[in-house]
Structures are given as C-alpha cells and as structure tokens.
Amino acid sequence: MIQHPGILALLLASFLVSLLLVGAGWQGLRILHGWDLKSGSEGQLDLERRTYLVSTLVPFALVIHFLSLFLFIFTADNLHTQFVGAMCAAGSLAVNPFGYPALLANIAVCLVAGMWLILHRADTQGYDYPLIRPKYTLLLGLVPLVLLETWLQTRYLTGLKADVMTSCCGSLFGHGRQGFAAELAGLPPRTMQPAFWATFMLLGLAGLVFLRSRKGARLFALLSLGFLLMAVASLISFFCLYIYALPSHHCPFCLLQREYGFVGYPLYGSLLGGGITGLGVGALAPFRTRKSLVVTLPGLQAKLAWTTLALAALFTLVVGIWMAMSPLRL
Amino acid sequence: MRAPTQRYRNILDFALSSLLRRKGRNLSLTGVYTLVVFVLASLIFFVQALKREARELLVQAPDMVVQRLVAGRHDPILAAQAEAIRSIRGVLEVRPRLWGYYYDPAFGGNLTVMANEHEPIAADAVWIGQGVARNMRVNEGDLISLRAYDGLPMLFLVQKILPTESELVSSDLVLMAPRDVRSLFHFPEGLATDLAITAGNPRELPTIAAKIVERFPDARPILKAELLRTYEAVFDWRGGLMVVVLGSALLSFVIFAWDKATGLSAEERREIGILKSIGWESSDVLLLKFWEGTVVSLTAFLSGILLAYVHVFFFSARLFEHALKGWSVLFPRYRLLPALDGYQLTVLFFLTVLPYTAATLVPIWRAATVDPDAAMRT
Amino acid sequence: MIELVQVVKTFQAGLATPFTAVDGVSLSIPEAQITVLKGPSGSGKTTLLTLIGCMARPTSGRIHLHRLPGNVLPQLQAGDSVEITSLPERFLTAIRRRTFGFIFQQFNLIRGISVLENVMLPAYPTGEDHRSVEARAVQRLESLGLGRHLRASVERLSGGEAQRVAIARALINDPTVLIADEPTAHLDSRLSEDFMALMGQFKAAGKTLLITSHDPIVHGSPLADRVVELRDGQIVAEP
C-alpha cells in the first residue's frame, strides 16, 4: 500500500460513509419493523425522532460520498507518476482489477443515493409519512451497495504498489485493444454522433411531453439514464478528441485536469446531477396519487424534470462549445 | 416576504450570536481544532513542496544516466564508451558528465562540485549556490578556498551566485571548469562520472537501456522516470507515515469533539428546550447546530491552513525538517516555493472536517429531538 | 374551535410504573373566549395544554382543530379543519407556529440576548424577512409598555416585565389561540390583575385564550367564560 495522504483520506471517508449508512440502515430496520403512525405510543414517537437521525446521517454521508468520488479520480490521477506507463488516472485505475469496479460502484452509489434524497424530500412534504416504506426499503438496499463500494475501493487502494507496469491511458483507450474501455473508444464517431444527438432530442421531447401532460414519467427517467450512458460513451468516443485536439486520445479523466480548463467538472457534474434528477422523476411516479402528496408531488416532479433538461442542455452546450472551438476536425 | 433562503439566514444569525455567547467554550474547541488542521496541513504542504522541488530538480536532469559498476559500486566510466552508445538507434546525444561530492569540514556537509557543461567558466573561478554562499559567508567577488585531494588548498574566485528560483536544486552546487574539477579531485583524463543520454523519442528509452546493458554488462542505466517515481514514493511514504502517526492525535481530537458535543451544558439544553417550545422544529435546531459546526470548522480550517502556509513557506517548516527532509544539513535556511492546490485542500478537508463533523452528528441529533414540552415540565 | 375526543396521554407505557397524566378527556374549546383549566398540581392540566398546543402527541384519542388560519401548509386552506394526533412533527410545528402562542410559567426567556431578539425568535424558522419581524416585535413590545427595554438583556427585567416580554413573544407570529400555563404563579396580586385585564383585551380582539391556573384571581375572574376542573387526569366538574 502507498501511504499517500489522499489514499488515507479516501479510506477514512469510505469507512465513515459505511459506518454512517450501516447506522442509518439499522434505524431504518427498526422503523420499518415497528412503524404504526396511528399509534401515539412512546415507541412510535421514538421511531419518529429516529427518522430525524436518519435524515441527518444519510445526507451527510452522501455529500461525503459525492465529494470522495471526485477525490478518488483525482487521487488516481495524482498517483499515476508512480506507475510505469500510467499517464493519468486511466492508467492508475488499471493497476489492479479493483480500480474500475470501484469507480463504477462509486457512481452507482451516487445515483441510488440521489434517488433516496429525492424520495426523502417528497416524503417530508406529505403529512402522513407517505413514503416511509419505499424510502427505508431503498435505504436497506443502499447499505450493501455502499459496503460493496467500500470493499472494492479499499481493495484497490490498499493493493496499490508503486512501479507496477500498467497500460497507460494511451493504450488502454487506444484502438485495437480488447476490453470494455477499448470498445467504448472503438465506437465509431460516425455512428455515435447522430446517436448522441438523437438521444438528446428524445430526452428533450419526453421532458416536454411530461411537463405538459404529466404522462411518461418512467419513460423520461429511462431516457435520462440512457442519456447519461450515451453521453459518457460519446465523451470517450469523440467529444474528448475535440477537447484534447488529439485524434486518438480517448481518456475520460484528463478532462478533469487544469490543461483542459477543468471542463470535466461541469461535464460529469451535470451528467451525474441530471441522471439523479431524471431517475427521481421516475421514482416518484408511482406515488403521485397518494392523497397526502397530490398537492406537492407534481411541483417537485416538474422541478426535477426541468433540472434534468437544463443539465442535459448544459452538458451539450459545453461540449458543443469545445467542439466548435477545437482545431480538430474528424 | 418569505424568501426560501431567509430561514437559513435567520438561523445563521442566531447561530453566530449563540457562538459568541459561549466564547470560552467555543474558543477552546476552535483552538484545538486549528492546531490539528495546522499540523496536518503543514505536513501535507511540506511533502507536496518537496515533491515539487524534486520534480523540478529532475526537469533539468537528463532522460537517462549511464553509470559504471565495479564490484557493485559506482565507478568512473570511460568517456570513450559515449561513442559506442551514440551509435545505438534512437540515441540523440551522449554527454560525459564530471561531478563529485566535496565534504566541507567546517560545516559538516557535502557540496556538489560539478563541471559546467552549458557555459564555460574561467579557470580558478566558481559559480556557487545560495546555500554555499550563506554558509561560507561570501559574496560575488570574494575568494573561497577548497582543499584538493592532496590536502593543499586551492583558491577560487566567486564569479556568480546562482539565482534563488529553486534553492533545493542548486543550493549546494559549486560549478567550475572541467579542468579544475579534475585537479581538485585528481580525476584521470579520459574518465567521466557518468554519461547523460538524450533520446529522440522518450518512449524508446527502455529499449535503449536494454541495448546498453546488452553491450556493456557493467553499465547501469538509470531512467529519469524511475528516479521521479522513487522520489515521489519516498516522500509519499514519509508523509503518509507522519499522517498515520498524527492519526492518533486526530483520534483524540475526534473524541474531544464528541465529548464537547455530547456534554452540552445545562444552559444550552435549556435553550434548545425553549426554542422547541416556542415553535422551532427538530430540523430547525439541527440547522442551527449545523451552522454552528460549520462556522467553527471553517474558522479552524482556514486559520489552520493560513498558519501552516506561513509555517511551511516562510519558516521552512521548522517543526518537520529533520523528520522529513533527510538530506544534506546544508539547507538550514532554504525557502520552499509557495504552492497550494485544490487537491491538497480537499485531502485536508477530508482528514479534519469530516471526522469532526461525523463525531458530532449523533449528539446534535439527541439535543435537537428533545420534546418541545420538556421546557414546560421543569 | 378546538375539539378533544377521549384523549389519553400515558408516560412510560410498558414499564413497571406507567403513569396516565390525561385519562380520557373530551372537551371543546370555543373561539374568542377565555377557558380556564383549574386543578391541583399533578392533575394533568399542563399535559393537556401541551397536547392541545401541538407540543406533544396523545397516546390515543383525537384532537380536531377547526377554522385554521391561512398559510399554514400547502395542503390546507384557511378555514379547514385538521386532525392533529398523527401528524409528523414538522407539520405539527407548522400548525403550532401559526395557531398557538405560548406563555410559560417560568417565562422561558433566553438569557444573554436582548429582549427584542427573544421576541423575534419564534419567527426565525418561518423564513420571514428579518426586518418585518423586527418591526412587528418592536410594535408588540411598545404596545405592552416595554419600548425602552428593547435592547436590554432579559436578566435585568422584573418578573412582570419578563412576563410581558413572553407575551410579546407569544404574539409574534400572530396566532389565533394564546395558551398560558400558570401565568400568575410568579406575580403579586396587582400584576395578576393586570395580566387578566390584558387577557380581556386579547379576548376582545378575537383571540381564543386557554389558561391553566389554581389562582382564584384567574379562575374566579369575571372575564373567564368557562372554568374546567381537572383531577387525576379527568374532568371532574364543569359549572
């Protein structure tokens, strides 16, 4: 293991997040088990107080988790000098088989956790705890996911040894290599470009339909997830070529560096945020007929849908500007 | 008007006035907190600055250096081998280098004596680094005396003192004409300390190194990238080790924070009870406590970082020097170049604010969920 | 109007020593009148106040609030009725803030901050603009004759003054109901009479008043429209 301060910070953070979520999950179990809103017994009052504990622990844990996702990538990038052949985070993550799974698990936790926060927000607006069961069931699902993520990340970080030969991002995301990442880079821009624009249009359309008629929330959620995946694939396939102005550099992480104006932060931030709000629209859909939510839910869903569309537009605008300004023409 | 942010501002106002009302308690907490941030930040800034200096030192270094090993020890290399290496495909340039260490008994440290390759220096003249000038108390135009291999003194005119840009690189350097180096050390003609090699394409360096070892089995090629990795690994290891040692300090701080947050004074409990009874909700009290924590954390974090910055970059990290720097004692007063980046600040934030906040969550929740009617029952 | 149906509040249920503070109380409290709850200490008066005032939830029974003021919750219109016994805390608090003002026996002022800030405190979490709250607080304090104490610290006030600060604080969110728990316990007879006169003014202004007391100045006052006597958590007599 490399005793890099960044690694220690990440280990500390993921340990804390797991601890807090296990604690919250335990409270969630008690709440699911003993919940009886009709009763005014001391036990029920105690459980209601515990919902405040959960709503303190979970958002805090999630904020840390969100920050640590970026810290994770940044640390991987910071460490690349210690691995032969690694030129940026892409190479560092490939040093051992836990790097990329840890990253994916990290992102999955962010999405699920974001949905939890949206359910929580909706729940606090109903006068009879309308979402108490779906909310705490989701929380119980989130706990193993977070534990898995902590395990993967710990395995990855503690397994790092300086000077291990790794593939650099040039070869990992280069053409003609096998593996998941290489397939992304191998997706030809010729078909990816129209596919990306089509997904963007479809998302916009579904959004407008939903906002007008309140129909198609689930379709909109699916499309926003699709847009997230399509946007990442397009970034690796062709957008980043314009940003780096290099015809064969497909690395998705160098975008976060100073040389490229930290453009990765707005790009990934908007994608992740848009993914969460988009999924949130779908997650709330089954509950819109609950009596206590009839007044507040449509407004919340509309706000989320608007945010999704605005973030997708922001992403497209940013990559569009870079494309227009890039000296590279494919 | 009800602005959505007004609630946050109102409660922030009250949080500030609450903090001021309990000055003593909060000052002691902030003080300890600042100290923890200060120590960790000093450490991280210092290691980072050393890493950067090392990197800068290596920017000027050649892509690859070839040494000769005799009985496993570094030995002068035949300058003639340069010709043979130059013929290897991909090699752009081979330069024999001439340098050595000179032990200065007056100060108990080594100077790096080097033949200047870039610009010619007159015979019996030297260019010296800042550290050397400071220790010998000389200025440009003064004479210095070095003891040659045979014990006889040699006099040199200090022609120039090297610029300060990066002292770690040049601080202990003494540059002179190649002939002077040879007579100072009695270094035979035809031999060099090592060979510096530049490749047309840096990616071919490992192949070139392999070919050199194949042709000259007693040669040891060292790649710049390898050196860089080694430096980084050593600095990270030392820094990480210190963080682990400091971890115990961090832990006791967390326990202290937990204790402070749990041990709410009777007065504070009464106040929360009153707030609940006059219409504050649990989440309002949580927000109040969150603001208090944020103010304390930010104050401690920023002042700790500011102090650490001054400590590392203006006072050369007096507290850690010996533990971390570990090379020549010639640099008692060199200054590191100030540098801060978002990454280091984020790491610091994770290592200090995070554990503090996590430790206070449960006590805060306990305080906030006191029954509103408790205030009526006392 | 507030309506209680078979309200029970038990503490430490399930433990060896359960204690029922309020035992099956049904009661309705009419608007714009003064209702006095009287009874010895331990009779459950204060607990009943906390249940009516949305500070605590009953173990069983129902409490209806009729003709709510506007702007309480997005789900409720002005004039709606609501049953409060199973509402989450944040909703109870939202209703309480706009509906009830509390005057505590111990006044419950926060030491170390000014009279003015004490009065403004209940309005902080409502997200109302600071300046308009301040203007209203100054006006309330001045109408209670405390204009020259605005910036004073609350420790310097006499008992009567402290109570008037507490009254100003209870009025800051303009509630429809004022609840006072043993308001005259720390006042001499003259100040107690003054207090009742003030309550009379509020009644005339249309506020509903609910006072617990075993002080004859309160429950014997001609201003009291209705006196309910409690003993051992049950209503014993209603003249």
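Visitor: How many helices and strands are there in chain B?
Guide: This is a predicted model, where local features need pLDDT of at least 70, side-chain atom pairs count only at pLDDT 80 or more, and totals for chains, interfaces and linings use all residues. Residues are numbered from 1 along each chain as its sequence is written, with chains lettered from A and ligands numbered from 1 in the order in which they are written. Helices (H or I, at least four residues) and strands (E, at least two) are DSSP runs, numbered from the N terminus. For chain B that gives 13 helices and 13 strands.

Visitor: Is chain B spread out or compact, going by its radius of gyration?
Guide: The globule rule, 2.2 Å times the number of residues to the power 0.38, goes with a radius taken over C-alpha atoms. For 378 residues the rule gives 21 Å, and chain B comes out well over that at 30 Å, so chain B is more spread out than a compact globule.

Visitor: What separates the centres of domain 1 and domain 2 of chain B?
Guide: Domain bounds come from an automatic or database domain assignment. Domain 1 covers 2-58 + 230-376, while domain 2 covers 63-223. Taken over C-alpha atoms, their centres are separated by 47 Å.

Visitor: Which helix of chain C supplies the largest share of the side that touches chain B?
Guide: Residues are in contact if their C-beta atoms, placed from the backbone, lie within 7 Å, and this contact takes 26 residues from chain C and 27 residues from chain B. Helix 1 (45-52) and helix 2 (89-99) of chain C each supply at least two residues of chain C's side. The largest share, 5 residues, comes from helix 2 of chain C.

Definitions and conventions
Contact = placed C-beta atoms within 7 Å.
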